[in-house]
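Try each task yourself, then follow the solution step by step.

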Amino acid sequence: MFFTGCGRKQKNIFSFEPDQKLKVTKLDLPAVKGLKIAKNGDCNILTWFDLFNQKNSTSINSLQKNFIGYDVFKLTKRNFIPKRPLNKNPLTETQFVDKNKKFTKKSPRKSFYLVQPVFKFDNQFIKGLSSQIVGIEN
């Protein structure tokens, strides 16, 4: 829309951008649910529910095209998420086996884990909300 006045240049007072980029934040994305942990010998086996199933809302299932996988984190302190996940690449399965259990006398008596979904929007990777934290005795 343009506004003109007595001999003045036209001024654009409203700007409409037809191709505005969608801003997605962590809070717009679903969290992993149902995280469980079991011990099997020297390994900790983590399992969780699939993010995309028939029971989810249409808005959650519509994010499946942007879904890359899951990252699994082993917390070094109860409330500290490390920068790097245990897995090298995002997992597409809903299970992870932590075989790398190096314990010393100073290591904690419990191990704590959480899982985050990873999405890709406009060549930008965004992690969804974290699952609940689960722990197991070492």
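The chain has a mean pLDDT of 81, and 73% of its residues reach 70 or more; pLDDT is the predictor's confidence in each residue, from 0 to 100. This is a predicted model, in which local features need pLDDT of at least 70 and side-chain atom pairs count only at pLDDT 80 or more, while totals for chains, interfaces and linings use all residues. Residues are numbered from 1 along each chain as its sequence is written, and side-chain values use heavy atoms, with hydrogens and water left out.

**Exercise 1. Get an overview of the chain.**

Task: Find how many helices and strands there are in the chain, and in what pattern they follow one another.

Step 1. Helices (H or I, at least four residues) and strands (E, at least two) are DSSP runs, numbered from the N terminus. The chain has one helix and nine strands.

Step 2. Reading along the sequence gives β-β-β-β-α-β-β-β-β-β.

Step 3. Now look at confidence: strand β1 (residues 2–3) is lowest, with a mean of 51, and strand β6 (residues 95–98) is highest, at 96.

Step 4. Buried residues make up 30% of the 138 residues, where buried means under 20% relative accessible area, exposed over 50%, and partly exposed in between (1.4 Å probe, protein chains only).

Step 5. Among contacts with a separation of 6 or more, 60% come from residues 24 or more positions apart; contact means heavy atoms within 4.5 Å.

**Exercise 2. Trace the partners of β7.**

Task: Work out which strands pair with β7, and how many bridges join each pair.

Step 1. Two strands pair if DSSP finds at least two bridges between them. Start with β5: eight bridges join β5 to β7, and the two run antiparallel. Here L75 stands opposite F112 in β7.

Step 2. Go on to β8 (residues 124–127), which is antiparallel to β7 and joined to it by four bridges. F119 stands opposite I126 in β8. The two strands form a hairpin with two residues between them, and D122 in the turn has a positive phi of about 50 degrees.

Step 3. Finish with β9 (residues 134–137), also joined to β7 by four bridges and antiparallel to it. S111 stands opposite I136, and the bridge partner of K110 is E137.

Step 4. Is β7 enclosed or open? Count its buried residues. Because 10 of the 12 residues of β7 are buried, this strand is largely enclosed by the rest of the structure.

**Exercise 3. Find the nonpolar core.**

Task: Identify which residues of the largest nonpolar core touch the most other members, and which elements give two or more residues to this core.

Step 1. A nonpolar core is a set of buried Ala, Val, Leu, Ile, Met, Phe, Trp, Tyr and Cys residues joined through side-chain atoms within 4.5 Å. The largest one has 20 residues, and W48, Y70, V72 and F119 touch the most other members.

Step 2. The elements giving two or more residues are β5 and β7 (110–121). β7 gives the most, with four residues.

Step 3. Take V72 as an example: beyond its neighbours within four places in sequence, its contacts include L46, W48, F96 and Y113.

**Exercise 4. Examine D71.**

Task: Decide whether D71 is buried or exposed, and find what its side chain contacts.

Step 1. D71 is found in strand β5 (residues 67–75).

Step 2. D71 counts as buried because its relative accessibility is 6%.

Step 3. Its side chain makes a polar contact with the side chain of K127 (3.1 Å). A polar contact is a pair of N or O atoms within 3.5 Å; within protein, one must be able to donate a hydrogen and the other to accept it, and residues adjacent in sequence count only if both atoms are side-chain atoms.
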